[in-house]
Amino acid sequence: MTPLLQVKGIEKRYGARIGCSDVSFDLFPGEVMGIVGESGSGKSTLLNCMAGHLEPDAGQVIFGTRADGPVDTVTMSEPERRMLSRTDWAFVHQHARDGLRMSVSAGGNIGERLMAVGDRHYGAIRDRAIDWLGRVEIEESRVDDRPSAFSGGMQQRLQIARNLVTGPRLVFMDEPTGGLDVSVQARLLDLLRGLVREMGLSAIIVTHDLAVVRLLADRLMVMKSGHVVEAGLTDQVLDDPQHAYTQLLVSSVLQV
Amino acid sequence: MNEYNFAYLDEQTKRMIRRAILKALAVPGYQVPFASREMPMPYGWGTGGVQVSAATLTPEDTFKVIDQGADDTTNAVSIRKFFENTAGVKTTEETEKATVIQTRHRTPEAKLRKDQIIVYQVPIPEPLRFLEPRETETRKMHSLEEYGLMHVKLYEDISQHGAISTAYAYPVKVSDRYVMDPSPIPKFDNPKLEMDAIQLFGAGREQRIYAVPPHTKVVSLDFEDYPFEATKADHPCDLCGAEDSYLDEVIMDDAGNRMFVCSDTDYCRSRREAGHVGRLAEENAA
Ligand SMILES: [Zn+2]
């Protein structure tokens, strides 16, 4: 099978400080990769380099495009990359307000990506928005409400719907459950797991929360000080951590 | 009037503005930045339009100023006086006789000719600003032709009001490329934007000039199931009987009696002079 995404030797420095260095992995279609580590471990820098929000100093992020096959997204033109990020890619921010338009209705938020790629039938756009509200467990009656009237958990579910409506093949998620109450987190995780399975999504999830990767990720990379210190199948890494740092992470979560 | 250079602005400033105008004409619908000058009138009084007019007028021109269709508002009178004093040009209220027309909020009903130039006063030139306040981002959206947001605005209109409620400053796509704010003209005027005359748009506070050259394709944005409509009050003019002109609704008395009259006062007057009679004019005659 051809990888959907090939990450090769990604490095990002901030002056003398290393953001992340020498990160390589393949992501296959339908696979979910978890990236864990503490804050400052470089996991967010890596995610932003892969998603095109930051320009890496070295390395390639090769994505299997529908039209042209594998293309290095680091060197592709900005218009191409922006088009990719509106169609085949999606990005779920930790804070829903960073990923939503707070002054636009829920339906408008979901419809934006459809309109961005040329959908011009109001009724069809609205129908799809309502369908997606249902899929993220938001009542149809809220379609014309602004997200500012939503709870934190609903805002995050709306952000997910807004991202998935164009049927992206790769979803980047940055601490998708961060900042939410534990009960709200559990519901969101169940929802995400259902969507990932149902849509056969490929995803890269950055989190400090091992429960999130336990539930969602097929494979896991553990980062420390900008480097990947351990990688493998999620259950293997969490149940039998080899690196001392991973052992520390796992044990600290067990104490909670 | 000797204390001023012709049309108030110095020649160097006018050349700078003319360069911006030429660039705007070369790239229809694109907002060209220019170094807006202090004018002896407050922003909101059409300083952008005044500067474009100043750079466009020649001593041989005949100048007309329209404010919401009328030539006799304070705003229109003061701008007309300004150029009478500083440029000594002839002025007129007749659309037909004008060679340069500065306007706020309307396009004349009369079909403009290729030897005429119309200058629109623009308060906010950026059509994307409603949903994206960051200028760096809107500039990028224009350069990459990312205009999905314009339809989000129209989507919001329909979901809130059951129809596209945007009645003024209705966004258009110019020459299949740039999305443009046609200034706060009623959407009734949008179809007229494809015309024989040169159309220039000046925003003073925002320091932008843009243009629609003659015979340029101008399409009002819409949805397949909510097509653009150039609506007006469903009524003939009560003074001249015109059924094809944009109307203002005027409250006549405390009893709530109303009349509809052409917003374009020159159009209405010329029709009445030609013998056309509306409902209220008939009653008065009877
Ligand atoms: Zn009339």
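Let's start at the interface. Between chain B and chain A, 13 residue pairs are in polar contact, both partners at pLDDT 80 or more. That pLDDT matters here, as this is a predicted model.

Which elements of chain B give two or more residues to the side that touches chain A? They are helix H4, residues 135-143, and helix H5, residues 148-161. H5(B) gives the largest share, nine residues. Now by class. The side of chain B that touches chain A has nine nonpolar, eight charged and four polar residues.

Charges also meet across this interface. The rule finds five salt bridges between chain B and chain A. Take A:Arg86 and B:Glu146: their side chains form a salt bridge, 2.8 Å from N to O.

How many residues are in contact? 21 residues of chain B are in contact with 22 of chain A. The buried area between the two chains is about 1,900 Å², and carbon and sulfur atoms give 56% of that.

On to chain A itself. Here four strands make an open, antiparallel sheet, in the order E2-E1-E4-E5. Why do E2 (17-27) and E5 (69-72) of chain A each have a side without a neighbour in the sheet? They stand at the edges, so each has a single partner strand. On average, neighbouring strands in this sheet are turned by 20° against each other, direction ignored.

Helix H1 of chain A, residues 43-50, packs on the sheet. H1 touches E1, E2 and E4 (58-65) of chain A, and its direction makes about 120° with that of E1(A).

Last, one strand pair. E1(A), residues 5-14, pairs with E2(A) over seven bridges, in the antiparallel sense. Look for A:Val7: opposite stands A:Phe25 in E2(A).

Technical notes. Residues are numbered from 1 along each chain as its sequence is written. Chains are lettered from A and ligands numbered from 1 in the order in which they are written. This is a predicted model: local features need pLDDT of at least 70, side-chain atom pairs count only at pLDDT 80 or more; totals for chains, interfaces and linings use all residues. Side-chain values use heavy atoms; hydrogens and water are left out. Two strands pair if DSSP finds at least two bridges between them. Axes are lines fitted to C-alpha atoms, for helices over the stretch in contact, and angles run from 0 to 180 degrees between N-to-C directions. Contact means heavy atoms within 4.5 Å. Buried area is the accessible area (1.4 Å probe) that two parts lose on being put together, summed over both. A salt bridge is a side-chain nitrogen of Lys or Arg within 4 Å of a carboxyl oxygen of Asp or Glu. A polar contact is a pair of N or O atoms within 3.5 Å; within protein, one must be able to donate a hydrogen and the other to accept it, and residues adjacent in sequence count only if both atoms are side-chain atoms. Ala, Val, Leu, Ile, Met, Phe, Trp, Tyr, Cys and Pro count as nonpolar, Asp, Glu, Lys and Arg as charged, and the others, Gly among them, as polar.
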